[in-house]
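Subject: Two-chain model, handover and notes

Dear colleague,

Please find the structure below. My notes on it follow.

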Amino acid sequence: MINNTGRRRRWAATAAVVALGGISLAACSSSGGGSGSGQEPQTITFAYSNPSGNEHYYQDAAAAYKKAHPGVAITMQSLPAESYAQAIATRIQGGNAPDVFQAESGSGQADSIQPFAKAGLLLPLTDPALKAELTPAGLSQFQYNGKIYAVSLGSAVNGIVYNDQLAKAAGVTLTANSTFSDVLQACAAAKAKGKSLFGLAGSAAPNTGILALEIATSAVYGADPNWDAQRTADTVKFATTPGWTATLNSIVQLYKAGCFQPGAQSAGFDALTNGSSRGQLFGFFAPSGAAHDISVASGGHVNLVALPFPAPSGQTYASVSSDTSVAGNAHTKSPKLVASFLAFLASPAGQKILSAGSGYFPVGTTNVSTLSAPYKPVAAMITSRQYRGFPTINWPNGKVYADLGSGVQGLLTGQETVPQVLQQMDSDWTTP
Amino acid sequence: MTRSPATPTLAQGENARPGRAARSGLVGYGYWWWTVPALVLTGTVIYLATASGAFYAFTNWTGIGPYNFVGVSNFVKVFQTPQLLGALVNTVLLAVGFVVFTNLIGLGFALALNRTLKTRYLLRTLIFLPVVLSPVAVSFIWKFIFAYNGPLNQILGDVGLGSLRHNWLAVPKLALGCVLVVMVWQSIGFVSVVYLAGLATVPAELEEAAAIDGAGMWRRFRRITLPLIQPSLAIATTLTLIQGLRVFDQVMALTGGGPDNATQTLATEIYQQTFTYQEFGLGAAMALLLTVFILVFTVAQLALTRDRT
């Protein structure tokens, strides 16, 4: 039996332990509060997607900024393209985001900026010059509640990145004026030579998704540029819009015609790189910057061009967008440095460096004669404004685009039908 | 037959000492309050965090900002959404397949490498080698092997089995099988080691005596070896069951949950719904379901494999 003295001693000891623990915790929490010096760290991290391994333009821009700002260090983090959106979204949500990171404008992809801005996870950018610099690209896609949260990498054509020289050598012809029937004929011609007209990374939703959106640019948004607004107002649906049905049916048609490389359903981005470098395929679906990347990687031996995807019927429109963006972490320890670096990227000087290395063209470019060689086939379409934007910037969440991408894979593997994919997208659209 | 006690019994004098210490003052107090920091840490980091997660399963929280209580609608959604239900089925299939194949093959290797073979130590090392590798790295290598133009299809073509070539990761059932193969391949070594430890406790004399009495190989295994390695069986099956139910790395690296979500599991769906789609409430509900699944399956499995001797 324990006497009163013993019990008191036991409680005293317990209280001492608790008090000691409390003091320790308090010490921990107080030690984390503020650096005290008022000088923010001059080293920041910058993460970006790396589909081809040649994303040196970010390094070029960072190097130029560091040269103009001695003492600044920018640590680059190159991440795999196939999982980039998920990886960066996880890091942002988990409070482990880099100081600066590549993202998508608008709201329709897993790494789109607006949901993160709404959650207070992005750094608002207040440089007065940004508004004028981003307006030509469509300012609203970089904003949330009137504040700017990202800057554009530049503008690009989302289309077929095409090796015209190689295709012509094999007797295959495809131009910006080709029709969908021409594409099917070209597929047959390429197949007869043991090649594939297109490479498709069927297991990578961003690649199957961009193919669908390239076709929908003409099939849906060509005739109805405000389709997204109507979908938001619930006056139209994916499942009942003929253009969307035609878009997905076209992909099935392309697959059955042997337009894609063997094994396309489960292929990753590596299949595109390998197939292109070995001359086994003539084109793939990507932003036009990829044409520049591959040309640089080959030392100028391979010259690719950007083509619009021909409409299943009617007029063809190019898909031109400035959605690839760069944003800052709201919880960075160097907010002034991050804002300054992002302002530099959006400035004419920054855009010049980025476009020189990426193959994108600076936001607001009006003189198409200054565009690089890959854009020659689509220059006339850009001049005559025969183009539409990238739809996902207006889509309400990342699920719609993700299920479009996986749905296209399901069409190729026979797991889903066209109506099922479109109904799923309608269901996703209304997900809160 | 007499059996040695499993644990040594304490002499009466030894048994009495803690009692005397408890009565003697400060040392006795240590028996409970010394555990307070560990209990607080465990309670906060594990059980409080788990309870918080369970709490959010009944909300529509997006990860940031306010939330509303939505009752059990997140759980209803899990069972009404074909994709999420498919993930649940895949999880069970992979877990069961993983337990069965890993333990059968692992036990087979353990029996083969238990005695007699001169090279058994080298072979044990070789079989254990995959265990030390990163599951993600291993899965990427297997992804290359299973690729349409990969080594597996090339070898099948070279040996005249071209008809067996498939787009392994594009056919839903085959893709799920590929995930299972990689899981099993990497874990056989671990399970073998567990069984080897159990087999080391089986007296050779018993088997020799049974053999002299005319018992065949299967009968000796069934009547002598298996009962004596029952603890190893329980440990190996429990660990593989838990590992199978929470499979994540191999699925993400091999298929990313595809084709068209056909190989999604509860763990990958939890990740996707929570972090990609910012549906923390739904993700929490699925995590809670996974926890309950693991609990129920593990208890049932332990009941099945417990030592009844």
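In chain A, strand S7 (residues 156–162) and S9(A) run antiparallel and are joined by five bridges. Within that pairing, A:Gly159 has A:Ala286 of S9(A) as its bridge partner. Please keep in mind throughout that this is a predicted model.

Strand S8 (residues 196–199) of chain A runs parallel to S9(A), with three bridges between the two. There, A:Gly199 stands opposite A:Phe284 of S9(A). Strand S9 itself covers residues 281–287 of chain A and is mostly covered, with seven of its seven residues buried.

Helix H12 (residues 289–297) of chain A also has buried residues: A:Gly289, A:Ala290, A:Ala291, A:His292, A:Asp293 and A:Ile294. The elements that cover them include S7, S9, helix H11 (269–277), strand S10 (305–307) and helix H14 (348–358), which belong to chain A. After H12(A) comes A:Gly299, which has a positive phi near 70 degrees.

The open sheet in chain A

Chain A also holds an open sheet of five strands with mixed pairing, in the order S2-S1-S3-S12-S6. From one strand to the next the twist averages 30 degrees.

A:Val151 has A:Val326 in S12(A) as its bridge partner.

Two helices are worth noting against these strands. Helix H13 (residues 335–346) of chain A packs on the sheet and touches S1, strand S3 (100–104), S6 and S12 of chain A. The direction of H13(A) makes about 160 degrees with that of S12(A). Helix H2 (residues 56–68) of chain A lies across strand S1 (43–50) and S2 of chain A, and runs at about 170 degrees to S2(A).

A helix pair in chain A

Helix H10 (residues 242–256) and helix H16 (residues 398–413) of chain A have axes that come within 10 Å and cross at roughly 45 degrees. The two helices H10(A) and H16(A) are therefore oblique to each other, and their crossing is right-handed. H10(A) contributes A:Leu248, A:Ile251, A:Val252 and A:Tyr255 to the contact, and H16(A) contributes A:Val408, A:Leu411 and A:Leu412. By class, this contact of H10(A) with H16(A) consists of seven nonpolar residues, with no polar and no charged ones.

Chain A as a whole

Chain A has 17 helices and 13 strands. Its C-alpha trace spans about 100 × 55 × 45 Å along the principal axes. Buried residues account for 53% of the 432 residues of chain A. Of the contacts in chain A with a separation of 6 or more, 78% are between residues 24 or more positions apart.

Chain B

The secondary structure of chain B consists of 15 helices and zero strands. Of its 309 residues, 35% are buried. For contacts in chain B with a separation of 6 or more, residues 24 or more positions apart make up 70%.

One helix pair in chain B can be set beside the pair described above. Helix H3 (residues 36–56) and helix H15 (residues 280–305) of chain B have axes that come within 7 Å and cross at roughly 120 degrees. H3(B) and H15(B) are therefore oblique to each other, and the crossing is left-handed. On the H3(B) side the residues are B:Gly53, B:Ala54 and B:Tyr56, which meet B:Phe280, B:Gly281, B:Ala284, B:Ala287 and B:Leu288 of H15(B). The contact of H3(B) with H15(B) has six nonpolar residues, two polar and no charged.

Where the chains meet

How many residues of chain B are in contact with chain A? There are 24 of them, and they contact 29 residues of chain A. On the side of chain B that touches chain A, helix H2 (26–33), H3 and helix H14 (266–276) of chain B each supply at least two residues. By class, that side of chain B divides into 14 nonpolar residues, nine polar and one charged.

Regards

Definitions and conventions: Residues numbered from 1 in each chain as written. Chains lettered and ligands numbered in written order. Predicted model: local features only at pLDDT ≥ 70, side-chain atom pairs only at ≥ 80, totals over all residues. Axes fitted to C-alpha atoms, helices over the stretch in contact; angles between N-to-C directions. Helix = DSSP H or I, 4+ residues; strand = E, 2+ residues; numbered from the N terminus. Parallel < 35°, antiparallel > 145°, perpendicular 65-115°, else oblique. Left-handed = near helix turned anticlockwise from the far one by under 90°. Contact = placed C-beta atoms within 7 Å. Nonpolar A, V, L, I, M, F, W, Y, C, P; charged D, E, K, R; others polar. Buried ≥ 20, exposed ≤ 12 C-beta atoms within 10 Å, placed from the backbone. Pairing = 2+ DSSP bridges.
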